[in-house]
Amino acid sequence: MRTGLLLRTSLVVAALIVWGASIAQAQQLSGDLLPDAKELEHSPRGALWRAAAIPGWGQVYSKQYVKLPFVYGALGGLVYSAMANHSDYKLYKEAFQYKAFQEQVESELITENPRLSFKPSYDKIEAEFGTISSRPLETQRNNFRRSRDFSFVGIGLVYSLAMLDAFVSAHLLDFDVGEDLNMQIIPQPGGFRLQALVPLERRAHRRLSKR
């Protein structure tokens, strides 16, 4: 059950990140930052290594603060899920080991339970669900371990997406989105190619701003 919930949560998190990226990009295109300031102050490589060093630093570097709640919300939720699932995994692992050996003691296959110290973990589960055999405990142990591992994978995925977003967004900061852009259709072998035309005065301004 937790695995299904984790998968649904991961999908929601991914959708929120994409939505947040769209909002931030729309704000950039509306003119929050001047094109020449972007070219002088930002670089994709700088955004990438900052995002790799600290989650969200790449977004801060590009002044895309609106993305931070989505990055930290996703990472925080996945880290919490990993910790909670690991705690439950440890509890059920100890309970399973105690009960499995105790069943062998009761069947007189062995004379002593080598995991007697794990009895408090079993008692905790028994107090909530009643007497339970080792098989359901083993199944739950495996479920919690799987959910924990999925959480770790999700953390790596969100971290990687944040790095990719910072790198791509830093590239897009240099993209010319002025109202005086024109498009030209250029014939070529096998079809056509669409090309953006930048006015000469804007190209000259951009060349000067990079010097």
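Visitor: How many aromatic pairs does the structure hold?

Guide: The structure, which is a predicted model, holds three aromatic pairs, and one of them is formed by Trp49 and Trp57.

Visitor: What makes the pair of Trp49 and Trp57 edge-to-face?

Guide: The ring centres of Trp49 and Trp57 are 5.4 Å apart and their planes stand at 80°; a pair needs centres within 6.5 Å, and planes over 60 degrees apart count as edge-to-face, so the name applies.

Visitor: Why are Trp49 and Trp57 called partly exposed?

Guide: Trp49 has a relative accessible area of 46% and Trp57 has 32%; buried means under 20% and exposed over 50%, with partly exposed in between, so that is the term for both residues.

Visitor: How do you know that the pair of Tyr92 and Phe144 is tilted?

Guide: The planes of Tyr92 and Phe144 are 45° apart, with 5.3 Å from centre to centre, and because stacked needs under 30 degrees and edge-to-face needs over 60, tilted is the term that remains. This pair links distant parts of the chain, since Tyr92 belongs to helix H5 (residues 68-106) and Phe144 to helix H7, 52 residues apart. Both Tyr92 and Phe144 are buried.

Visitor: What makes you say that Arg50 lies over the face of Trp57?

Guide: Arg50 is placed at 5.4 Å from the ring centre of Trp57, and the limit for a charge over a ring is 6 Å, together with a direction within 35 degrees of the ring normal. Arg148 lies in this way over the face of Tyr89, at 4.8 Å from the ring centre.

Visitor: How do you know that the buried residues of H3 are on the same side of the helix?

Guide: In helix H3 (residues 44-53), the buried residues are Pro44, Gly46, Ala47, Arg50 and Ala51. They cover an arc of only 160° around the axis, which puts them on the same side of H3. Helix H4 (57-61) and helix H7 (134-172) are included in what covers these buried residues.

Visitor: Which residues have the most contacts inside the largest nonpolar core?

Guide: This core has 13 residues, and those with the most contacts inside it are Tyr92, Ala95, Tyr122, Ile125, Ile132 and Leu137. The elements giving two or more residues to the core are H5, helix H6 (119-129) and H7, and the largest share, seven residues, comes from H5. Leaving aside neighbours within four places in sequence, Ala95 is in contact with Ser121, Tyr122, Ile125 and Leu137.

Definitions and conventions. Residues are numbered from 1 along each chain as its sequence is written. This is a predicted model: local features need pLDDT of at least 70, side-chain atom pairs count only at pLDDT 80 or more; totals for chains, interfaces and linings use all residues. Side-chain values use heavy atoms; hydrogens and water are left out. Buried means under 20% relative accessible area, exposed over 50%, partly exposed in between (1.4 Å probe, protein chains only). Helices (H or I, at least four residues) and strands (E, at least two) are DSSP runs, numbered from the N terminus. The arc is that of the directions from the helix axis to the C-beta atoms. Contact means heavy atoms within 4.5 Å. Rings of Phe, Tyr and Trp (its six-membered ring) pair if their centres lie within 6.5 Å; planes under 30 degrees apart count as stacked, over 60 as edge-to-face and the rest as tilted. A nonpolar core is a set of buried Ala, Val, Leu, Ile, Met, Phe, Trp, Tyr and Cys residues joined through side-chain atoms within 4.5 Å.
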